[in-house]
Amino acid sequence: MSLQYTIVPVTSYQQNCSIVWCDETHQAVVVDPGGDIEVILEKLSALQLEVTEIILTHGHLDHVGGAQALSDALNVTIVGPHKEDAFWLEALPQQSDMFGFPMTPSLEPQRWLDEGDTITVGNETLNVWHTPGHTPGHVILHHPESKMAFVGDVLFKGGVGRSDFPRGNHATLVASIKNKLWPLGNDVTFVPGHGPLSTFGHERKTNPFVAD
(Lines give C-alpha, C1' and ligand atoms only; values in the text may rest on other atoms or scores of the structure.)
Protein backbone atom coordinates (compact mmCIF):
# COMPACT_ATOMS: atom_id res chain seq x y z
CA MET A 1 0.00 0.00 0.00
CA SER A 2 1.50 3.28 -0.99
CA LEU A 3 -0.10 5.43 1.75
CA GLN A 4 2.22 5.69 4.75
CA TYR A 5 2.02 7.69 7.95
CA THR A 6 3.98 8.46 11.08
CA ILE A 7 2.85 10.14 14.28
CA VAL A 8 4.75 13.01 15.89
CA PRO A 9 3.39 13.76 19.39
CA VAL A 10 3.50 17.54 19.92
CA THR A 11 2.88 20.03 22.77
CA SER A 12 2.41 19.27 26.46
CA TYR A 13 -0.95 17.72 25.43
CA GLN A 14 0.92 14.99 23.47
CA GLN A 15 -1.29 15.66 20.47
CA ASN A 16 -0.87 13.15 17.62
CA CYS A 17 0.33 15.21 14.66
CA SER A 18 0.28 12.86 11.65
CA ILE A 19 2.58 13.04 8.64
CA VAL A 20 0.78 11.17 5.85
CA TRP A 21 2.50 10.44 2.55
CA CYS A 22 2.38 8.62 -0.75
CA ASP A 23 5.27 6.16 -0.99
CA GLU A 24 5.40 6.41 -4.78
CA THR A 25 5.75 10.21 -5.02
CA HIS A 26 7.07 11.13 -1.53
CA GLN A 27 4.45 13.88 -1.41
CA ALA A 28 2.92 14.41 2.02
CA VAL A 29 0.36 16.29 4.08
CA VAL A 30 0.75 17.22 7.74
CA VAL A 31 -2.42 16.71 9.80
CA ASP A 32 -2.90 18.83 12.95
CA PRO A 33 0.52 20.41 13.61
CA GLY A 34 -0.31 21.65 17.11
CA GLY A 35 3.17 22.95 17.90
CA ASP A 36 6.84 21.89 18.19
CA ILE A 37 7.29 22.54 14.49
CA GLU A 38 11.07 22.04 14.67
CA VAL A 39 10.37 18.40 15.60
CA ILE A 40 7.93 18.06 12.68
CA LEU A 41 10.41 19.68 10.25
CA GLU A 42 13.17 17.35 11.46
CA LYS A 43 10.98 14.31 10.84
CA LEU A 44 9.98 15.55 7.36
CA SER A 45 13.62 16.07 6.50
CA ALA A 46 14.61 12.61 7.75
CA LEU A 47 11.85 11.03 5.66
CA GLN A 48 12.74 13.21 2.63
CA LEU A 49 9.14 14.21 2.01
CA GLU A 50 7.69 17.10 0.04
CA VAL A 51 4.72 18.58 1.90
CA THR A 52 1.89 19.83 -0.33
CA GLU A 53 -0.68 20.92 2.30
CA ILE A 54 -1.37 21.25 6.02
CA ILE A 55 -4.74 19.77 7.06
CA LEU A 56 -6.64 20.77 10.21
CA THR A 57 -9.34 18.51 11.70
CA HIS A 58 -10.71 21.22 14.01
CA GLY A 59 -9.92 24.59 15.53
CA HIS A 60 -8.52 23.75 18.96
CA LEU A 61 -5.13 25.23 19.75
CA ASP A 62 -3.36 21.95 20.55
CA HIS A 63 -4.15 20.84 16.97
CA VAL A 64 -3.50 24.08 15.06
CA GLY A 65 -0.95 26.03 17.12
CA GLY A 66 1.98 25.29 14.78
CA ALA A 67 0.03 25.49 11.50
CA GLN A 68 0.89 29.06 10.48
CA ALA A 69 4.59 28.74 11.33
CA LEU A 70 4.81 25.41 9.50
CA SER A 71 2.93 26.86 6.53
CA ASP A 72 5.41 29.76 6.41
CA ALA A 73 8.43 27.45 6.75
CA LEU A 74 7.28 25.11 3.96
CA ASN A 75 5.39 27.66 1.83
CA VAL A 76 2.26 25.49 1.66
CA THR A 77 -1.45 26.16 2.16
CA ILE A 78 -3.53 25.40 5.25
CA VAL A 79 -6.73 23.47 4.51
CA GLY A 80 -9.67 22.78 6.83
CA PRO A 81 -11.46 22.36 9.07
CA HIS A 82 -15.14 22.93 8.17
CA LYS A 83 -16.09 26.62 8.26
CA GLU A 84 -18.27 26.07 11.36
CA ASP A 85 -14.97 26.13 13.31
CA ALA A 86 -14.04 29.62 12.07
CA PHE A 87 -14.87 31.07 15.50
CA TRP A 88 -12.30 28.77 17.15
CA LEU A 89 -9.57 29.86 14.73
CA GLU A 90 -10.47 33.53 15.27
CA ALA A 91 -10.21 32.97 19.04
CA LEU A 92 -6.69 31.48 19.00
CA PRO A 93 -5.28 34.40 21.05
CA GLN A 94 -7.89 33.72 23.78
CA GLN A 95 -7.23 29.97 23.53
CA SER A 96 -3.51 30.69 24.05
CA ASP A 97 -4.37 32.43 27.34
CA MET A 98 -6.80 29.73 28.38
CA PHE A 99 -4.43 26.79 27.74
CA GLY A 100 -1.22 28.56 28.78
CA PHE A 101 0.28 28.16 25.30
CA PRO A 102 2.54 30.67 23.51
CA MET A 103 0.49 33.52 21.99
CA THR A 104 -0.97 32.27 18.71
CA PRO A 105 -2.58 34.79 16.33
CA SER A 106 -5.93 34.18 14.65
CA LEU A 107 -5.83 31.98 11.57
CA GLU A 108 -7.89 31.56 8.44
CA PRO A 109 -7.20 28.58 6.19
CA GLN A 110 -6.80 29.02 2.44
CA ARG A 111 -9.65 26.52 2.00
CA TRP A 112 -12.43 25.21 4.24
CA LEU A 113 -13.44 21.55 3.98
CA ASP A 114 -16.92 20.11 3.43
CA GLU A 115 -18.15 16.55 3.61
CA GLY A 116 -17.47 14.87 0.27
CA ASP A 117 -14.30 16.86 -0.38
CA THR A 118 -11.08 14.96 -1.02
CA ILE A 119 -7.44 15.58 -0.13
CA THR A 120 -4.85 14.46 -2.67
CA VAL A 121 -1.60 13.03 -1.31
CA GLY A 122 0.57 12.15 -4.30
CA ASN A 123 -1.29 9.29 -6.00
CA GLU A 124 -3.54 8.68 -2.98
CA THR A 125 -6.88 10.26 -2.00
CA LEU A 126 -8.27 10.94 1.47
CA ASN A 127 -12.03 11.36 1.85
CA VAL A 128 -13.37 14.13 4.10
CA TRP A 129 -16.29 13.56 6.51
CA HIS A 130 -17.89 16.33 8.58
CA THR A 131 -18.14 15.01 12.17
CA PRO A 132 -19.48 17.69 14.54
CA GLY A 133 -19.95 17.27 18.29
CA HIS A 134 -16.52 17.93 19.80
CA THR A 135 -16.50 21.14 17.76
CA PRO A 136 -19.15 22.12 15.19
CA GLY A 137 -16.69 22.13 12.29
CA HIS A 138 -14.69 18.99 13.05
CA VAL A 139 -13.71 16.80 10.06
CA ILE A 140 -12.05 13.40 9.77
CA LEU A 141 -10.00 11.91 6.92
CA HIS A 142 -10.46 8.37 5.60
CA HIS A 143 -8.31 6.36 3.20
CA PRO A 144 -10.44 3.38 2.09
CA GLU A 145 -7.63 1.41 0.38
CA SER A 146 -5.43 1.17 3.47
CA LYS A 147 -8.42 1.14 5.88
CA MET A 148 -6.97 4.08 7.81
CA ALA A 149 -8.70 7.11 9.33
CA PHE A 150 -7.38 10.24 11.03
CA VAL A 151 -10.14 11.27 13.41
CA GLY A 152 -8.83 14.18 15.49
CA ASP A 153 -10.69 14.42 18.80
CA VAL A 154 -13.93 12.67 17.78
CA LEU A 155 -13.03 9.18 19.03
CA PHE A 156 -10.27 7.74 21.23
CA LYS A 157 -9.33 4.25 22.33
CA GLY A 158 -11.86 3.74 25.12
CA GLY A 159 -13.25 7.25 24.98
CA VAL A 160 -14.82 10.03 22.93
CA GLY A 161 -14.07 13.72 22.51
CA ARG A 162 -15.17 16.27 25.09
CA SER A 163 -18.41 18.05 24.26
CA ASP A 164 -18.42 20.68 27.01
CA PHE A 165 -16.68 23.36 24.91
CA PRO A 166 -18.65 26.18 23.23
CA ARG A 167 -20.94 24.69 20.54
CA GLY A 168 -19.98 21.14 21.48
CA ASN A 169 -22.78 18.60 21.85
CA HIS A 170 -22.52 15.05 23.18
CA ALA A 171 -25.55 13.67 21.31
CA THR A 172 -24.22 15.17 18.06
CA LEU A 173 -20.80 13.64 18.75
CA VAL A 174 -22.24 10.16 19.33
CA ALA A 175 -24.32 10.52 16.14
CA SER A 176 -21.18 11.50 14.17
CA ILE A 177 -19.37 8.40 15.42
CA LYS A 178 -22.23 5.98 14.80
CA ASN A 179 -23.46 7.45 11.50
CA LYS A 180 -20.19 8.55 9.87
CA LEU A 181 -17.36 6.45 11.37
CA TRP A 182 -18.92 3.02 11.95
CA PRO A 183 -20.14 2.60 8.32
CA LEU A 184 -16.51 2.96 7.15
CA GLY A 185 -15.89 -0.55 8.50
CA ASN A 186 -14.90 -2.43 11.66
CA ASP A 187 -11.45 -3.12 10.19
CA VAL A 188 -10.54 0.57 9.88
CA THR A 189 -7.57 1.54 12.08
CA PHE A 190 -7.80 5.10 13.35
CA VAL A 191 -5.27 7.63 14.60
CA PRO A 192 -6.94 9.71 17.33
CA GLY A 193 -5.87 13.21 18.35
CA HIS A 194 -4.31 11.84 21.54
CA GLY A 195 -3.31 8.41 22.82
CA PRO A 196 -2.99 5.00 21.16
CA LEU A 197 -4.46 3.75 17.90
CA SER A 198 -7.45 1.43 17.79
CA THR A 199 -9.98 0.08 15.28
CA PHE A 200 -13.62 1.01 14.83
CA GLY A 201 -14.56 -2.63 15.45
CA HIS A 202 -12.71 -2.71 18.78
CA GLU A 203 -14.44 0.49 19.91
CA ARG A 204 -17.84 -0.85 18.85
CA LYS A 205 -17.25 -3.79 21.17
CA THR A 206 -15.56 -2.11 24.14
CA ASN A 207 -15.93 1.68 24.20
CA PRO A 208 -18.33 2.53 27.07
CA PHE A 209 -19.58 5.68 25.30
CA VAL A 210 -20.43 4.27 21.87
CA ALA A 211 -20.41 0.46 22.00
CA ASP A 212 -23.21 -1.24 20.07
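Because the model is predicted, local features need pLDDT of at least 70 and side-chain atom pairs count only at pLDDT 80 or more, while totals for chains, interfaces and linings use all residues. Residues are numbered from 1 along each chain as its sequence is written, and side-chain values use heavy atoms, with hydrogens and water left out.

The largest pocket comes to about 150 Å³. For the record, a pocket here is an open set of points on a 1 Å grid over the protein atoms alone, where a 1.4 Å probe fits and protein lies on both sides within 12 Å along at least five of seven lines; lining residues have an atom within 4 Å of a point. Grid points are joined across faces, edges and corners, and the volume is the space filled by probe spheres set on them. The lining includes Tyr 13, His 60, Asp 62, Phe 99, His 134 and His 194. By class, it has four nonpolar, four polar and three charged residues, with Ala, Val, Leu, Ile, Met, Phe, Trp, Tyr, Cys and Pro taken as nonpolar, Asp, Glu, Lys and Arg as charged, and the others, Gly among them, as polar.

One of these lining residues, His 134, sits in the loop between β7 (124-130) and β8 (139-143). Helices (H or I, at least four residues) and strands (E, at least two) are DSSP runs, numbered from the N terminus. With a relative accessible area of 3%, His 134 is buried; buried means under 20%, exposed over 50% and partly exposed in between, using a 1.4 Å probe and protein chains only. Its side chain makes a polar contact with the side chain of His 60 at 3.1 Å, and a polar atom of that His 134 side chain lies 2.7 Å from the backbone oxygen of Arg 162. A polar contact is a pair of N or O atoms within 3.5 Å; within protein, one must be able to donate a hydrogen and the other to accept it, and residues adjacent in sequence count only if both atoms are side-chain atoms. Leaving aside neighbours within four places in sequence, His 134 is also in contact (heavy atoms within 4.5 Å) with residues including His 58, Asp 153, Phe 165 and Leu 173.

Turning to helix α3 (residues 67-74), Ala 67, Leu 70 and Ser 71 are buried. They share a side of α3 because they cover an arc of only 100° around the axis, the arc being that of the directions from the helix axis to the C-beta atoms. The buried residues of α3 pack against β3 (27-31), α1 (37-47), β4 (50-55), α2 (61-64) and β5 (77-79).

Most residues other than glycine have a negative phi, and most peptide bonds are trans. Asn 75, which follows α3, has a positive phi near 55°. Thr 11, in the loop between β1 (3-10) and β2 (15-22), has a positive phi of about 65° and is buried at 11% relative accessible area. His 26 has a positive phi of about 60°, but counts as partly exposed at 36% relative accessibility. A cis peptide bond, with omega about 0°, joins Gly 80 and Pro 81.

Finally, Leu 3 in strand β1 is buried at 6% relative accessibility. The C-alpha atoms of Leu 3 and Asn 123 are separated by 8.7 Å, though 120 residues apart along the chain.
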